[in-house]
Amino acid sequence: MLRSRSRLTAVLAVAALALAACGGGDDDSGGSSGAASASEIKVFAAASLTAAFTKLGQDFTAANGGTKVTLNFAGSQALATQIQQGAPADVFASADTTNMDKVKDLVGTPRNFASNLLQIVVEKGNPKGVKGLEDLDNPDLKVVLAAPDVPVGKYSQQALAKANVTVKPVSQEQDVKAVVSKVSLGEADAGIVYTTDVTAGGDKVEGVDIPEDQNVDATYPIATVKASKAQDQAQAFMDYVLSDQGQQVLKSYGFGPPPAS
């Protein structure tokens with residue numbers, strides 16, 4: 001009997017220790033759960049920002065105690081839809097104001113942080129001899145554009161309208177990177193993208209300039225998402241993008257300054 005009681009006492013003692021550890025874990029977990037969300041932010045950014053925001057994310061992490069920046073790149077229209085559907089996001093950086101307006105009730109006050117211009121992307125060496133937008137209506141030329149609801153697709157249509165050119169694209173893509181990819185793979189002869197994406201396309205493509213009177217200024221706004229559980233970190237990232245240091249990074253990737261208010 002004594003041995004049974006001793007065994008029972010030992011079991012109860014172990015159970016008590018386990019329960020205490022569990023309780024402590026819950027407390028820590030509650031605290032660390034906040035810490036976990038505080039040590040990671042999710043940034044939804046337009047596809048054209050891929051290279052620049054990857055660098056900005058790395059720099060932000062290094063300067064902010066290891067706060068991890070998880071990046072989700074896609075067409076701005078797709079990102080806006082994801083946010084409307086409740087996808088977890090802390091910051092939204094769009095390639096146009098239209099898609100930012102779509103989520104105006106779900107984000108804080110947007111700030112414009114960069115600008116961009118359009119360029120015709122062609123295969124390296126420009127084998128088809130494309131000189132300007134007027135060449136894109138050639139029926140023998142395979143032209144690819146972004147879909148009209150994609151910011152660069154909308155800007156492309158505006159530029160073509162200025163040049164009084166009508167294009168029948170062989171395909172309409174869901175983001176600007178897909179347009180560059182089609183040309184670099186030889187699946188299309190030309191496309192209209194941002195100047196920054198021609199640069200990011202590497203040595204398989206090159207750009208043909210579009211005159212200023214036919215070009216379109218793309219405006220990039222950024223905002224924190226109201227549903228974010230890491231508001232301080234989200235605001236800090238937004239502030240970093242808008243800072244002199246952040247602007248220098250964007251400039252190094254070919255982006256222009258935000259348009260004057």
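The largest cavity in this predicted model has a volume of about 60 Å³. Thirteen residues line this cavity, and those closest to its centre are Ala95, Val150, Pro151, Val176 and Tyr194. By residue class, the lining of the largest cavity consists of 9 nonpolar, 3 polar and 1 charged. The structure holds 1 cavity of 30 Å³ or more.

The largest pocket has a volume of about 240 Å³. Its lining comprises 16 residues, with Pro88, Ala89, Asp90, Ala227 and Ser228 lying nearest the centre. The lining of the pocket is made up of 8 nonpolar, 3 polar and 5 charged residues. Rolling a probe the size of a water molecule over the atoms shows where empty space is left.

The protein chain has 261 residues, and buried residues make up 42% of them. Its secondary structure comes to 9 helices and 10 strands. Of the contacts between residues at least 6 apart in sequence, 78% join residues at least 24 apart.

Two helices were examined for length and burial. Helix H5 covers residues 151-162. The 12 residues of H5 should span 16 Å at 1.5 Å a residue, and the end C-alpha atoms are 17 Å apart, which agrees. The buried residues of H5 are Pro151, Val152, Gly153, Tyr155, Ser156, Ala159 and Leu160. Pro151 is also one of the residues closest to the centre of the largest cavity. Buried positions in H8 are Ala234, Phe237, Met238, Tyr240, Val241 and Leu242. An α-helix has 3.6 residues a turn, so residues three or four places apart point the same way.

Asparagine 99 lies in helix H4, which covers residues 97-102. Because its relative accessibility is 1%, asparagine 99 counts as buried. A polar contact of 3.1 Å links the side chain of asparagine 99 to the side chain of aspartate 96. When residues up to four places away in sequence are not counted, asparagine 99 touches Ser76, Gln77, Ala80, Phe92, Ser94, Asp149 and Pro151. One of these contacts, Pro151, is among the buried residues of H5.

Aspartate 197 is placed in helix H7, residues 195-200. With a relative accessibility of 2%, aspartate 197 counts as buried. The side chains of aspartate 197 and lysine 177 are joined by a polar contact of 2.8 Å. Beyond its neighbours within four places in sequence, aspartate 197 is in contact with Ser48, Val176, Lys177 and Val180. Val176 is among the residues closest to the centre of the largest cavity. Aspartate 197 and valine 176 are 21 residues apart along the chain, and their C-alpha atoms are separated by 7.6 Å.

Positive phi values were found in two asparagines. Asparagine 126 has a phi near 50°, a positive value in a residue other than glycine. Asparagine 126 belongs to the loop between strand E5 (118-123) and strand E6 (143-146). At a relative accessible area of 17%, asparagine 126 is buried, since buried means under 20% relative accessible area. Asparagine 164 counts as exposed, its relative accessibility being 73%.

Proline 257 is found in the segment after helix H9, which covers 244-252. Its relative accessible area of 60% makes proline 257 exposed, as exposed means over 50%. Residues up to four places away in sequence aside, proline 257 touches Ala114, Ser115 and Gln247. The C-alpha atoms of proline 257 and threonine 219 are separated by 9.3 Å, the two residues being 38 residues apart along the chain.

Technical notes: Residues are numbered from 1 along each chain as its sequence is written. This is a predicted model: local features need pLDDT of at least 70, side-chain atom pairs count only at pLDDT 80 or more; totals for chains, interfaces and linings use all residues. Side-chain values use heavy atoms; hydrogens and water are left out. On a 1 Å grid over the protein atoms alone, a cavity is a set of points where a 1.4 Å probe fits but cannot get out, and a pocket is an open set with protein on both sides within 12 Å along at least five of seven lines; lining residues have an atom within 4 Å of a point. Grid points are joined across faces, edges and corners, and a volume is the space filled by probe spheres set on the points. Ala, Val, Leu, Ile, Met, Phe, Trp, Tyr, Cys and Pro count as nonpolar, Asp, Glu, Lys and Arg as charged, and the others, Gly among them, as polar. Buried means under 20% relative accessible area, exposed over 50%, partly exposed in between (1.4 Å probe, protein chains only). Helices (H or I, at least four residues) and strands (E, at least two) are DSSP runs, numbered from the N terminus. A polar contact is a pair of N or O atoms within 3.5 Å; within protein, one must be able to donate a hydrogen and the other to accept it, and residues adjacent in sequence count only if both atoms are side-chain atoms. Contact means heavy atoms within 4.5 Å. The expected span of a helix is 1.5 Å times one less than its number of residues.
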